Amino acid sequence: MRDGFIPDILDTSIITDIAEVSDDDAINTARELARIQGLLVGTSSGANVWTAKQMAEKYGTDLRKRRKNMKRNGYRNLLCIVLSMALITGLAGCGGKDTAPAYADRYIDLHLHLDGAITTDIAKQLAQIQGIELPAKDDAELTRLLTVPEDCESLNDFLECFALPLSLMQTPEGLSEAVRLVADNILSQGVIYAEIRFAPQLHTDQGMTQEDAIKAALEGLGKTKLKANLILCCMRGEGNEALNEETLRLAKEYLVEDGGVTAIDIAGAEAIFPTADYRELFAKAKELGIPFTIHAGEADGPESVRLAMEYGAMRIGHGVRIGEDPEVLKLAKEKGVTLEMCPTSNRQTHAIEDMSAYPLIDYLEQGLKVTINTDDMGIEGTTLAGEFRYMEKTFGLTAQQERVLLENSVNAAFTSQAVKDELRAQLGFTEEH
Ligand SMILES: [Zn+2]
């Protein structure tokens with residue numbers, strides 16, 4: 001931080017000038033400030049406008065009356081004002097902590113693939129209990145095999161990174177333990193509720209049926225203290241229609257409101273096997289009363305999201321490309337559809353080419369029901385807490401916005417009302433509901 005700024009900005013007569021600053025000017029100023037100072041607060045428009053207003057209120061200034069003429073003091077003054085607010089609201093440790101909401105330390109993961117959540121430690125444990133020899137001479141090599149390579153160029157390449165984790169989950173014991181270990185792992189990272197998804201048809205290489213796989217996963221779920229449910233994935237592909245039908249049938253058979261299988265999904269290469277091919281599958285799911293989410297708007301564009309919503313999906317896996325068509329975005333907003341966004345995954349699969357324009361906060365500010373999730377934490381080398389910190393540091397996600405994200409997660413969870421109430425209580429949301 002440059003010398004000379006701090007004494008000026010702590011002068012309250014400057015701070016009260018914020019009331020004369022328009023939202024747009026505050027945003028531009030914040031961006032400029034971020035560029036100069038490398039401050040974390042400067043990249044999100046919402047964060048800075050919010051901070052500005054908080055400070056104006058703190059100093060007793062009425063924004064509505066005074067936000068008319070601006071720029072009187074020029075840009076330098078504006079820079080001082082925004083920096084001062086950042087400092088005084090506690091982002092630089094100068095107080096204000098009594099009123100500022102805390103950043104999230106408890107999380108909900110609605111979009112977590114079991115085969116994508118196998119860390120180096122978990123892989124070693126799964127190999128050991130099954131007597132499997134891992135194709136790596138040490139941890140470093142194993143980690144390299146389990147995590148996405150730098151030259152992974154697209155979602156299709158990314159999807160090829162699942163072979164080793166899947167090979168460790170082809171027996172009831174391996175699959176059951178994998179669910180338990182993944183659940184225990186995220187519980188230790190602050191996750192209070194998760195929906196773990198997997199495709200039963202990918203666990204039949206060594207003789208398990210899809211039903212055996214579901215039973216094994218349920219057994220693992222019963223051994224963890226984490227509050228969690230299972231989502232059964234159908235797979236995009238060719239010639240596996242009967243396998244998807246079987247997944248659907250079993251989902252209906254095992255469907256519960258909480259404590260087991262609570263929904264289905266479709267995963268796989270969206271750009272190669274488009275959502276348009278799965279109209280019938282989801283018509284049947286709807287007829288059977290099985291809740292579902294659909295991976296859409298990740299490798300394929302907004303039309304995929306529009307179709308998923310047409311099929312009745314109230315949750316969209318990713319949906320990150322929805323903004324490419326304002327009409328589809330508007331429709332999602334009107335329907336109250338929830339987006340299960342996964343920042344690191346979207347960066348690694350190049351779902352968004354320019355990560356500096358990652359639209360999560362923009363969608364949130366436009367009123368879309370956005371959530372943050374991990375997708376494939378083992379392959380990506382991330383955690384849900386890590387995703388929140390990444391969004392704070394890189395995009396200026398605020399504590400208030402985190403609260404909205406978590407509320408969206410609770411509201412969209414495939415679980416019972418009683419569990420949702422419990423989660424709200426754990427997150428400290430009881431007064432609002
Ligand atoms: Zn996914």
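Strand β1 (residues 107–113) is mostly covered, since seven of its seven residues are buried; a residue is called buried if 20 or more other C-beta atoms lie within 10 Å of its own, exposed if 12 or fewer, and partly exposed in between, with C-beta atoms placed from the backbone. Helices (H or I, at least four residues) and strands (E, at least two) are DSSP runs, numbered from the N terminus. Residues are numbered from 1 along each chain as its sequence is written. The model is predicted, and for that reason local features need pLDDT of at least 70 and side-chain atom pairs count only at pLDDT 80 or more, while totals for chains, interfaces and linings use all residues.

Taken as a whole, the chain has 22 helices and eight strands, and buried residues make up 48% of its 433 residues. Of the contacts in the chain with a separation of 6 or more, 73% are accounted for by residues 24 or more positions apart, where two residues are in contact if their C-beta atoms, placed from the backbone, lie within 7 Å.

β1 belongs to an open sheet of four strands, in the order β1-β2-β3-β4, with parallel pairing; two strands are said to pair if DSSP finds at least two bridges between them. β1 and β4 stand at the edges, each with a single partner strand, so one side of each is left without a neighbour in the sheet. The twist averages 25° from one strand to the next, with axes taken as lines fitted to C-alpha atoms, for helices over the stretch in contact, and angles running from 0 to 180 degrees between N-to-C directions. Within this sheet, β1 and strand β2 (residues 191–198) pair in the parallel sense over five bridges, and His113 stands opposite Arg197 in β2. β2 and β3 in turn pair in the parallel sense over six bridges, with Phe198 standing opposite Leu232 in β3. Helix α11 packs on the sheet, where it touches β1, β2 and β3, and its direction makes about 150° with that of β2.

The largest nonpolar core has 100 residues, and those with the most contacts inside it are Ala178, Val182 and Ile196; such a core is a set of buried Ala, Val, Leu, Ile, Met, Phe, Trp, Tyr and Cys residues joined through C-beta atoms within 7 Å. Helix α11 (residues 172–187) gives the most to this core, with seven residues. Leaving aside residues up to four places away in sequence, Ile196 touches Leu112, Leu114, Val179, Val182, Ala183, Ala228 and Leu230.

Which residues of helix α13 are buried? They are Asn244, Thr247, Leu248, Leu250 and Ala251. These residues cover an arc of only 170° around the axis, which puts them on the same side of α13; the arc is that of the directions from the helix axis to the C-beta atoms. On the other side of α13, Ala242 and Glu253 are exposed. The buried residues of α13 pack against α12 (210–221), β3 (227–235), β4 (261–267) and α14 (279–288).

Helix α15 (residues 302–311) is largely enclosed by the rest of the structure, because seven of its 10 residues are buried. The buried residues of α15 are Pro302, Ser304, Val305, Leu307, Ala308, Met309 and Tyr311, and what covers them includes α14, β5, β6 and α16 (326–335). After α15 comes Gly312, whose phi is positive, near 110°.

A second open sheet is described by the order β5-β6-β7-β8, four strands with parallel pairing. Here β5 (293–296) and β8 (369–372) stand at the edges, each with a single partner strand, so one side of each is left without a neighbour in the sheet. Neighbouring strands of this sheet are turned by 25° against each other on average, direction ignored. Strand β6 (residues 315–318) and strand β7 (residues 338–341) pair in the parallel sense over three bridges, and the bridge partner of Arg315 in β7 is Thr338.

Helix α21 (residues 399–412) lies across β6, β7 and β8, running at about 100° to β8. Val404 is found in α21 and is partly exposed, with 14 other C-beta atoms within 10 Å. The C-alpha atoms of Val404 and Lys369 are separated by 8.6 Å, although these residues are 35 residues apart along the chain.
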